[in-house]
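Morning, everyone. Let's take a quick look at one structure together. Here it comes.

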Number of protein chains: 2
Amino acid sequence: MSQLEKHTLLFTEYLAANPFHGKPETLYEPMNYIMELGGKRIRPALVLLAAESAGGNAEAVLPLALGIETFHNFSLLHDDIMDAAPLRRGKPTVHKKWNEAAAILAGDNMLVEATRLMAVHGDREGHILEFFLQTAREVCEGQQLDMDFQQRDDVSEAEYLEMIRLKTAVLLGCAMYAGAVAVGAAEANAAKMYDFAIDAGMGFQLQDDLLDTFGDPAFTGKQAGGDILAGKKTLLWIEMWANANQEERTAIEQLMADNDEARKVTGIRELMTLTGAEARVRELSESYFQEAASLLQELDSEGLNMAGPSELLAFLRGRQH
Amino acid sequence: MSQLEKHTLLFTEYLAANPFHGKPETLYEPMNYIMELGGKRIRPALVLLAAESAGGNAEAVLPLALGIETFHNFSLLHDDIMDAAPLRRGKPTVHKKWNEAAAILAGDNMLVEATRLMAVHGDREGHILEFFLQTAREVCEGQQLDMDFQQRDDVSEAEYLEMIRLKTAVLLGCAMYAGAVAVGAAEANAAKMYDFAIDAGMGFQLQDDLLDTFGDPAFTGKQAGGDILAGKKTLLWIEMWANANQEERTAIEQLMADNDEARKVTGIRELMTLTGAEARVRELSESYFQEAASLLQELDSEGLNMAGPSELLAFLRGRQH
């Protein structure tokens with residue numbers, strides 16, 4: 001069993017043994033429902049891996065891993081309402097299975113519970129809690145930017161990268177920071193682990209966009225070109241539009257108005273390649289992963305055991321779904 | 001100027017000088033909008049009054065007062081979405097003025113910001129933060145109970161009282177606890193101030209229901225019988241239904257199906273009096289206020305200066321809107 005599998009298993013067992021408890025059940029049932037839908041559990045694995053890399057014990061930081069995963073699921077729950085998403089991991093979303101009010105409230109209580117876990121199980125000085133709250137704020141900012149960008153046609157590459165840093169990467173960073181600081185890592189090492197996770201997270205998110213559009217549905221399990229059909233302005237879209245000449249822009253507009261879904265996806269995908277958008281996003285994703293790898297080497301040469309995070313990075317880099 | 005007016009002014013000046021700052025503005029603007037809509041500012045006043053009663057300085061706990069008021073406004077913001085309320089204090093609600101996604105997210109970020117204020121400005125041991133997070137959890141539970149109760153016909157008086165304790169009273173309690181503990185009050189005194197605020201809050205909420213149905217619109221500024229028209233199951237409704245005989249229940253059902261709003265309000269109001277519901281709710285409200293008053297006397301006899309909280313209690317008890 002790989003390091004990563006071992007840690008994921010450790011966390012999922014802890015999660016199964018520690019469901020949310022409280023009354024009324026109508027509040028706590030949706031909270032447990034979304035937590036049990038599954039997922040890759042990358043964020044809690046990062047908490048455990050960071051603790052071990054810093055010379056500590058993975059078991060000791062399980063409550064913090066639960067806090068981070070609870071926060072992540074809170075954000076998924078509320079994002080699903082905002083996106084009016086009917087399904088998550090093939091199951092009805094909370095606002096569909098129950099109703100919107102229940103989904104808002106279950107999310108609110110998950111945010112409270114996540115914060116409580118970080119406060120009670122963090123360091124005595126409160127650095128972890130403060131870092132977590134700053135991260136929570138940034139995730140809200142990232143989600144708002146994402147919504148704002150859907151209404152705009154002039155989003156720059158730099159703006160988009162800052163949005164995914166806030167919306168996705170900072171929580172991965174916070175996971176590693178928390179795991180490391182909780183076991184007494186030096187601030188400089190915790191900060192470097194944070195930077196590693198940010199870079200890995202940026203690479204991860206950009207790769208996610210690439211897989212959605214160019215991935216093999218047999219691997220991804222998702223509809224090919226789901227982002228294109230949803231009209232989502234990913235970086236692929238932004239780069240395509242920015243680089244397209246007048247003729248290509250006309251073609252894009254015609255394709256987006258096309259009711260034939262297969263033709264729309266194929267056509268837009270070709271234009272994403274033709275305009276250099278695909279190559280640019282691949283280049284960016286790869287450069288983030290490379291940056292993450294060189295931070296790992298630095299940490300390694302400073303005497304930390306980075307075997308676990310290194311394995312995670314290889315997993316993220318190589319995944320096809 | 002009364003103690004209460006002095007403290008309310010102190011807080012509103014602090015609030016005006018400390019708006020939320022951050023980017024994107026689309027996230028922070030709705031947060032400031034709801035905070036600036038006004039209100040009685042009873043919760044922040046309680047923080048300041050508790051600190052002074054415990055021998056401390058009101059200025060020192062202004063950030064905690066802001067944290068409590070920010071939490072209160074977060075809960076209003078999300079409740080307004082759940083209730084699909086178009087107006088708050090005569091102005092468009094956030095989800096109407098912007099949109100629902102913006103309202104969910106602004107609320108989330110206010111919850112984060114409220115927690116940050118309580119964490120950074122609370123006591124070093126984290127008692128205030130822990131108490132606040134427990135309170136936040138209870139407020140979520142109370143709101144869920146309120147929603148559940150709207151679907152039921154058999155809610156008991158005890159269940160209803162527990163619901164308003166969670167939804168409304170515990171935050172008033174937390175406000176006083178935080179203000180007292182922050183300036184070093186003995187745990188026993190802080191606990192007694194909490195109990196005082198719980199009782200005052202229960203009396204306050206029951207009186208609120210009475211004013212909505214029996215209050216003079218010239219004073220309340222609200223539509224007379226708004227709860228009746230909205231079909232809200234307040235304690236007045238619950239007691240009326242529980243005490244009504246078969247004939248009266250038929251009358252209630254006919255009135256609720258009546259399209260003539262004035263006739264509906266007048267008829268139901270009469271039945272609330274006739275069945276003894278009004279008298280019972282007045283009795284309960286008064287007994288909570290009396291319990292609060294006797295806790296004040298206890299605190300007073302233990303050497304704390306309760307002039308401020310006493311004035312607040314008189315204000316709550318005597319208000320007509």
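First, a definition. When I give an angle, I mean the angle between N-to-C directions, and the axes are lines fitted to C-alpha atoms, for helices over the stretch in contact.

Now the model. What you see is predicted. Chain A has a mean pLDDT of 95. In that chain, 98% of the residues reach 70 or more. For the model, ipTM is 0.96 and pTM is 0.96.

Start inside chain A. Find helix 2, residues 25-35, and helix 6, residues 100-121. At what angle do these helices pack? About 75 degrees, and their axes are 9 Å apart. Angles of 65 to 115 count as roughly perpendicular. So helix 2 of chain A and helix 6 of chain A are roughly perpendicular to each other.

Who meets whom? Helix 2 of chain A brings A:Thr26, A:Leu27, A:Pro30 and A:Met31. From helix 6 of chain A, the partners include A:Ala102, A:Leu105 and A:Asn109. By class, this helix contact has 8 nonpolar residues, 2 polar and no charged.

Next, the contact between the chains. Chain A puts in 31 residues, and chain B puts in 30. Which elements of chain A give two or more residues to the side that touches chain B? Helix 2, helix 4 (62-82), helix 6 and helix 7 (127-150). Helix 7 of chain A gives the most, with 12 residues. That side of chain A has 16 nonpolar, 8 polar and 7 charged residues.

One thing to take away: helix 2 and helix 6 of chain A pack against each other, and both also give residues to the side that touches chain B.

How values were computed:
Residues numbered from 1 in each chain as written. Chains lettered and ligands numbered in written order. Predicted model: local features only at pLDDT ≥ 70, side-chain atom pairs only at ≥ 80, totals over all residues. pLDDT = per-residue confidence, 0-100. Axes fitted to C-alpha atoms, helices over the stretch in contact; angles between N-to-C directions. Helix = DSSP H or I, 4+ residues; strand = E, 2+ residues; numbered from the N terminus. Parallel < 35°, antiparallel > 145°, perpendicular 65-115°, else oblique. Contact = placed C-beta atoms within 7 Å. Nonpolar A, V, L, I, M, F, W, Y, C, P; charged D, E, K, R; others polar.
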